[in-house]
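Please read these points with the model open.

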Amino acid sequence: MSHFTRVATRIVDEACLRTALTTAGYSVPAGPATIGGWNGQSRKATVGIPDLTHGYGVGFDWEASHNMFSAVADWSELAVHGVHRGKFLNKVTQLYGVAVARSTMEPQGFSVVEQTDQRDGSIRILLRRVS
């Protein structure tokens, strides 16, 4: 029997989290989302992808005691359908980093000149200050 499990992250900015998920190609509703789990179970999440695959979703809940979001999902059922926790969270965290960099640097007068995916899986961002 599967169940929802929390995984700690270092994600602290909801807007950048939403940007990362959207950039990854996921449909993210505005406001809280209901995510699905095994045998029709469901739960609310602060931010979520309601139907990542086969009715199973991934959510992110704000953990005030830790001042960060945790990822919540029925990870064992998602793995059955080819969505593996580590790979999924690594990609989301990477895109979150890009969103944070952009949201931090653009108000300081920088613009993105180039953003490329590297062979090793990293993302290279070239910024230039606009005078």
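**Notes on the predicted model**

1. Helix α1 (residues 14-23) packs against helix α3 (residues 85-105) at an angle of about 120°, and their axes lie 8 Å apart. That makes α1 oblique to α3, a word for angles that are not under 35 degrees (roughly parallel), over 145 (roughly antiparallel) or 65 to 115 (roughly perpendicular). Axes are lines fitted to C-alpha atoms, for helices over the stretch in contact, with angles from 0 to 180 degrees between N-to-C directions. The crossing of α1 past α3 is right-handed, that is, the near helix is turned clockwise from the far one by less than a right angle.

2. This is a predicted model, in which local features need pLDDT of at least 70 and side-chain atom pairs count only at pLDDT 80 or more, while totals for chains, interfaces and linings use all residues. Residues are numbered from 1 along each chain as its sequence is written, and side-chain values use heavy atoms, without hydrogens and water.

3. On the α1 side, Cys16, Leu17, Thr19, Ala20, Leu21 and Thr23 meet Phe88, Val92, Leu95, Tyr96, Ala99, Val100 and Ser103 of α3 (contact: heavy atoms within 4.5 Å). Ten residues of this contact are nonpolar, three are polar and none is charged. Ala, Val, Leu, Ile, Met, Phe, Trp, Tyr, Cys and Pro count as nonpolar, Asp, Glu, Lys and Arg as charged, and the others, Gly among them, as polar.

4. The lining of the largest pocket consists of Ala24, Tyr26, Gly82, Val83, His84, Lys87, Phe88, Lys91 and Val92. A pocket here is an open set of points on a 1 Å grid, where a 1.4 Å probe fits, with protein on both sides within 12 Å along at least five of seven lines; lining residues have an atom within 4 Å of a point. Five lining residues are nonpolar, two polar and two charged.

5. The chain has three helices and eight strands, being DSSP runs of H or I (at least four residues) and E (at least two), numbered from the N terminus. Their order along the sequence is β-α-β-β-β-β-β-α-α-β-β.

6. Ser42 belongs to strand β3 (residues 42-45). Leaving aside residues up to four places away in sequence, Ser42 touches Phe4, Thr34, Ile35 and Gly36.
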